[in-house]
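Thanks for passing this one along. Please have a look at the sequence and the model below, and then read my notes beside them.

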Amino acid sequence: MPTPAQKEAIENAGNTVVMAGAGTGKTSTLVNRVLHWIRQPGGSIERMLMVTFTEASAAEMRQRLRKALTESLTEAAGDEADHLNEQLALLEQAQISTLHSFCL
């Protein structure tokens, strides 16, 4: 269950920076934010950027997002299921990287 601050970060419509110490739920919050956002009209993985400080964190975010999308598909139907399938297909091209890799 997200904290009030995490819930705010997940549902905020604008750009959001999530900063916190190790083990505080940053990755979970970001994954839930992406899921929330791509379910909104016009939301797509193609229109987002997620940056971290380590390659391991970027890989973990991609893996957790893949798992969350797959789990969400079990509950979806019709147009929503089609959209989530498309997002899953686009995941490998998503801009999820380290800050340094993105800047290069």
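1. First, the ground rules. This is a predicted model, where local features need pLDDT of at least 70 and side-chain atom pairs count only at pLDDT 80 or more, while totals for chains, interfaces and linings use all residues. Residues are numbered from 1 along each chain as its sequence is written, and side-chain values use heavy atoms, with hydrogens and water left out.

2. Helix α4 covers residues 78–90; helices here are DSSP runs (H or I, at least four residues), strands are E runs of at least two, and both are numbered from the N terminus. Its 13 residues should span 18 Å at 1.5 Å a residue, and the end C-alpha atoms, 19 Å apart, agree with that. The expected span is 1.5 Å times one less than the number of residues.

3. Which residues of α4 are buried? They are A81, L84, Q87 and L90. Buried means under 20% relative accessible area, exposed over 50%, and partly exposed in between (1.4 Å probe, protein chains only). The cover over these buried residues includes α2 (26–38) and α3 (55–73), with contact taken as heavy atoms within 4.5 Å.

4. Strand β1 (49–52) and helix α5 (99–103) each supply at least two of the patch residues. L99, in α5, is partly exposed at 36%.

5. The count of salt bridges is 5, each a side-chain nitrogen of Lys or Arg within 4 Å of a carboxyl oxygen of Asp or Glu. One of them joins E80 and R39, at 3.0 Å from N to O. E80 lies in α4 and R39 in the loop between α2 and β1, so this pair ties together parts that are 41 residues apart in sequence.

6. Two others stay inside a helix. K7 and E11, with their closest N and O atoms 2.7 Å apart, both lie in α1 (residues 4–11), 4 residues or about one turn apart. R64 and E60 come to 2.4 Å, and these two are also 4 residues apart, in α3, which is about one helical turn. R64 is partly exposed at 34%, and E60 is partly exposed at 32%.
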